[in-house]
Amino acid sequence: MIYLQVLITLFIIAILFKLFKQRQNNKMSVFGFVIWSVLWLVVLVVFWQPDTTTYLANFLGIGRGADLAIYLSIVAIFYLLFRIYVRLSKIESEITKVVRKDAIKNAEKK
Amino acid sequence: MIFVIVPAYNEGKRIGQVLSDLSSLPYRVVVVDDASTDDTFEVAQKYNVDVLRHRINRQQGAALQTGNQYALEAGADVIVHFDADGQFLVSEIKDIVAPIERGECDVVFGSRFLNKKSQLPTLKKYFIFPLGRLVNRTLLGVKLTDPQSGFRAMTREVAQKVVIEQDGMAHCSEIVAKVHDHKFKIKEVPMTVIYHEFGQGFGGGLKILKDLLFSKLTK
């Protein structure tokens with residue numbers, strides 16, 4: 001377990017470093033930076049102290065910490081899917097508008 | 001001026017006959033080729049009609065809206081939607097336009113059920129269409145005998161207000177719903193449909209339902 005923990009820690013440090021650099025170059029909003037940093041720090045804590053999730057799970061009335069993690073990820077995945085669907089339909093309708101404009105502009109009149 | 005919009009996707013074999021029938025009548029015909037992969041575009045160019053071409057396939061609802069927009073810019077008074085595959089009769093265009101010209105209503109829908117001659121496949125008649133009517137009635141609050149009919153006529157004002165945003169096949173229900181929302185006066189007239197193939201089938205109907213539900217969610 002210790003090997004995996006060290007590996008994950010290095011991985012997360014690399015990600016945090018990258019986040020920090022992106023923030024410095026103004027490629028990321030303060031809000032995005034905070035959210036992502038907190039998320040990865042939480043992952044770090046969970047890997048070193050797995051019991052923390054159990055406390056939280058019990059507080060919410062769920063038996064095991066692992067269950068809570070799975071429930072949360074399913075909710076997150078569905079939310080992301082929905083966001084992607086909304087974004088896709090927007091892109092689709094933008095494409096239609098461009099195609100329509102082009103068709104009308106190049107109409108062959110008789 | 002009456003504009004007849006003919007959306008076409010891979011109808012190279014059938015559209016020639018439709019356009020030659022149409023060109024003998026006093027309408028301005030607009031073909032919207034929806035990025036066909038066959039010779040639909042080339043066939044349409046041979047006739048005395050305006051031809052528009054989508055560079056990417058955007059489906060029937062999008063093609064109809066392109067036609068509507070083009071016709072409005074060209075000064076259309078009445079717009080008729082007409083299929084490219086020879087399912088409808090050009091002789092019935094005058095019947096569908098007549099109530100508008102008499103000032104009785106703003107929109108006219110062709111109905112396969114008010115008459116007459118249309119030979120419907122049994123499964124469609126007794127299962128798929130009643131289901132479609134039920135969905136339209138509960139979801140959209142619309143009472144029409146044939147809400148999925150693709151043969152319709154509308155005034156300039158209707159085409160300006162009813163913008164088709166459903167690119168796919170859900171546009172039929174969308175048009176009906178928006179016409180109701182704007183409280184335009186509606187009339188149905190009997191029409192004839194000649195079936196070559198089965199059409200969309202049950203899977204197509206489910207896809208329409210999905211499109212409609214998601215459009216309500218994402219608005």
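This is a predicted model: local features need pLDDT of at least 70, side-chain atom pairs count only at pLDDT 80 or more; totals for chains, interfaces and linings use all residues.
Residues are numbered from 1 along each chain as its sequence is written, and chains are lettered from A in the order in which they are written. Local features need pLDDT of at least 70 and side-chain atom pairs pLDDT 80 or more, while totals for chains, interfaces and linings use all residues.

Let's start where the chains meet. Chain A brings 15 residues to the contact and chain B brings 20 residues (contact: C-beta atoms, placed from the backbone, within 7 Å). The table gives classes for two contacts in turn.

| α3(A) with α4(A) | four residues | three residues | one residue |

Here Ala, Val, Leu, Ile, Met, Phe, Trp, Tyr, Cys and Pro count as nonpolar, Asp, Glu, Lys and Arg as charged, and the others, Gly among them, as polar.

Now to that helix pair (helices are DSSP runs of H or I, at least four residues; strands are runs of E, at least two). The axes of α3 (residues 51-59) and α4 (residues 65-105) of chain A come within 7 Å and cross at roughly 75 degrees, with axes fitted to C-alpha atoms over the stretch in contact and angles running from 0 to 180 degrees between N-to-C directions. α3(A) is therefore roughly perpendicular to α4(A) (65 to 115 degrees). Residues meeting here include A:Leu56 of α3(A) and A:Leu68 of α4(A).

Finally, chain B: leaving aside neighbours within four places in sequence, B:Val4 is in contact with B:Leu22, B:Tyr27, B:Val29, B:Val80, B:Phe82 and B:Ile93.

Methods. Two residues are in contact if their C-beta atoms, placed from the backbone, lie within 7 Å. Angles under 35 degrees count as roughly parallel, over 145 as roughly antiparallel, 65 to 115 as roughly perpendicular and the rest as oblique.
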